[in-house]
Each structure stands twice: as structure tokens, then as C-alpha cells.
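Visitor: Please bring up the model, and I will ask about it piece by piece.

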Amino acid sequence: MVLTDTHTHQYYETDSVKKDEVIQRCISNGVSRLFLPNVDSSSIAQVMDMVNRYPQNCFAMMGLHPCDVKANWEEELEVIYAALQQNKVYAVGEIGIDLYWDKTFISEQQEAFRQQIGWAKAAGLPINIHCRNAFDEVYEVLTEQHDDKLRGIFHCFSGTLEHANKIIDLDFKLGIGGVVTYKNAGLDKVVEQIDLKHVVLETDSPYLTPVPFRGKPNESSYLVHVAQKVADLHRTSIEAVAEITTENSKTIFGV
Ligand SMILES: [Zn+2]
């Protein structure tokens with residue numbers, strides 16, 4: 001079984017012994033493909049360290065996280081763009097709009113999102129979208145930028161079925177994570193109605209830890225609990241979920 005964690009910040013673990021242990025636990029659980037998005041200029045080196053240490057298992061994404069779009073966003077974009085040119089990168093991300101924490105930089109967030117979509121188009125890369133309390137704003141930029149090549153993942157999807165269908169119509173995949181295991185989140189009801197050909201899996205570790213480890217820091221090896229929940233919802237096996245979601249991830253990332 002090959003499970004693909006399409007969005008993990010596993011690189012926040014900086015202790016090299018613990019890093020090795022986590023990767024071993026991932027591999028024993030079948031989670032052998034990890035896609036790592038930086039969030040800002042200072043996390044680029046952490047991503048590249050993981051990718052260089054575990055080249056069979058770890059793949060880089062580069063972008064400026066919407067929560068890190070601050071007054072210095074243009075300088076941040078310059079540094080991240082240089083990293084995108086210099087390294088083997090499989091997606092531009094995570095990028096998008098987040099109006100949950102702070103709306104101060106909403107127009108800068110939109111502009112940074114647009115510019116980074118432009119990078120993805122120029123390089124033929126997919127995008128990994130962070131969208132929180134901002135579906136309409138993200139959707140507006142995406143419909144305006146949409147062409148037959150732009151593709152990607154709505155990371156940590158937790159919206160309604162109507163939102164899911166709009167995303168699917170744009171030919172994007174839904175990144176499903178630990179929220180699907182939460183009893184009162186309602187995401188389970190949405191996921192059971194979505195064809196698995198539109199789904200990829202993710203942990204977003206160290207955040208959004210799935211049941212039964214909710215409350216503890218998340219790690220990529222826990223992706224099995226997300227995969228099992230999705231399998232239960234679709235009345236199929238975890239192996240079948242692993243196969244189709246990994247295949248979907250390969251379609252998106254080209255690896
Ligand atoms: Zn993230």
C-alpha cells in the first residue's frame with residue numbers, strides 16, 4: 001500500500017534522530033510519499049533539508065502562505081521565487097487567501113495569490129491552495145485565472161458539497177485530512193458523496209490531528225487514520241483508497 005500525504009509540515013521537526021523515526025513510522029504505515037510546502041522565506045531551508053535527506057519520500061512545494069503576506073510580502077515573494085527556480089519543486093504552495101485570522105492585508109493576499117498562480121502557469125506546475133473563511137475570494141481569483149492547464153489541490157477542504165462541486169468543476173482535487181474524522185465537523189457527510197477520483201489525502205501535520213490522536217501533535221504516519229475513515233465512508237478498503245488517491249496525486253504532481 002502506498003499512501004501519499006499531499007500536504008505536511010513534517011519539517012518543523014528539526015531533531016535529526018526524531019526526523020528519522022517519524023520517516024520510519026511513515027514507511028511502516030505505508031505513507032511513503034510526503035509533499036512539503038514551505039510557508040515563508042525562513043522555512044525554505046527546512047523543506048529542502050527534508051527533501052535532500054529523504055529523496056525517495058519527500059517532495060518540495062514552494063509558495064508564500066496567505067497568513068505570511070505582511071508588509072514585506074514583495075521581498076518574501078522574491079526570495080521564494082528564487083528558491084522555486086533553484087530547486088526541484090513539484091507545486092507552488094501553499095498559496096491562497098485566509099480571512100480567519102486577519103483581514104488587514106486582504107488586497108495584498110489577493111495580489112500575492114495571483115502572482116504565484118502566474119508562476120505556476122509559467123512553470124507548468126500545479127498549485128496547492130490554502131483557503132480559510134475566503135471561499136468566494138479564492139474562487140473569484142481561480143475562475144479569472146482558470147485555463148486548461150491550471151490544476152491543483154484545495155488543501156484541507158472542509159466546505160459544503162456545493163463548494164466541493166465548484167472545485168471539481170474547475171478540475172481541482174480536494175485535499176481531505178483529519179477533519180473528516182471529527183464527529184461534529186460534517187465533512188464526513190460531504191466526503192461520502194464525492195467520487196474518490198476527485199480526492200487526495202493529507203495530514204497538514206503538525207495540525208489537524210485525526211482521531212484517535214486528536215489533541216496531540218499530528219504526524220504524517222497518521223495519514224492511515226484519514227485513509228481508513230475515507231474507506232469506511234465509501235464502504236471500500238484502505239488499500240483501494242490508497243491506490244486511487246495516490247494515483248490522483250501523481251496526476252497532479254507529475255511524480
Ligand atoms: Zn499547511
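Visitor: What span does helix α4 reach from its first C-alpha to its last?
Guide: This is a predicted model, in which local features need pLDDT of at least 70 and side-chain atom pairs count only at pLDDT 80 or more, while totals for chains, interfaces and linings use all residues. Residues are numbered from 1 along each chain as its sequence is written, and side-chain values use heavy atoms, with hydrogens and water left out. Helices (H or I, at least four residues) and strands (E, at least two) are DSSP runs numbered from the N terminus, and the expected span of a helix is 1.5 Å times one less than its number of residues. Helix α4, residues 106-123, has 18 residues, and its span is close to the expected 26 Å: it reaches 26 Å.

Visitor: Which elements do the buried residues of α4 pack against?
Guide: Buried means under 20% relative accessible area, exposed over 50% and partly exposed in between (1.4 Å probe, protein chains only). Among the buried residues of α4 are F113, I117 and W119. With contact taken as heavy atoms within 4.5 Å, the buried residues of α4 pack against α3 (73-86), β4 (91-98), β5 (127-132) and α5 (135-145).

Visitor: What arrangement do the 4 donor atoms make around the zinc ion?
Guide: Donors are N, O and S atoms within 2.8 Å of the metal (3.2 Å for Na, K and Ca); water is not among the atoms, so sites may look incomplete. The protein donors here are H7 (NE2), H9 (NE2), E94 (OE) and D204 (OD), at 2.1 to 2.7 Å from the zinc ion. The angles subtended run from 86 to 176°, which makes the arrangement irregular.

Visitor: How many residues apart in sequence are the parts that E94 and D204 tie together?
Guide: The donor residues are spaced H-x1-H-x84-E-x109-D in sequence. E94 lies in strand β4 and D204 in the loop between β8 (199-201) and α8 (223-233), so the parts that this pair ties together are apart in sequence by 110 residues.

Visitor: Is H9 buried or exposed?
Guide: H9 is found in the loop between β1 (3-5) and α1 (16-28). Leaving aside neighbours within four places in sequence, H9 is in contact with residues including P37, E94 and D204. Its relative accessible area is 3%, so H9 is buried.

Methods:
Four donors count as tetrahedral if all angles lie between 85 and 135 degrees; four count as square planar and six as octahedral if opposite donors are over 155 degrees apart and all others between 65 and 115; anything else is irregular.
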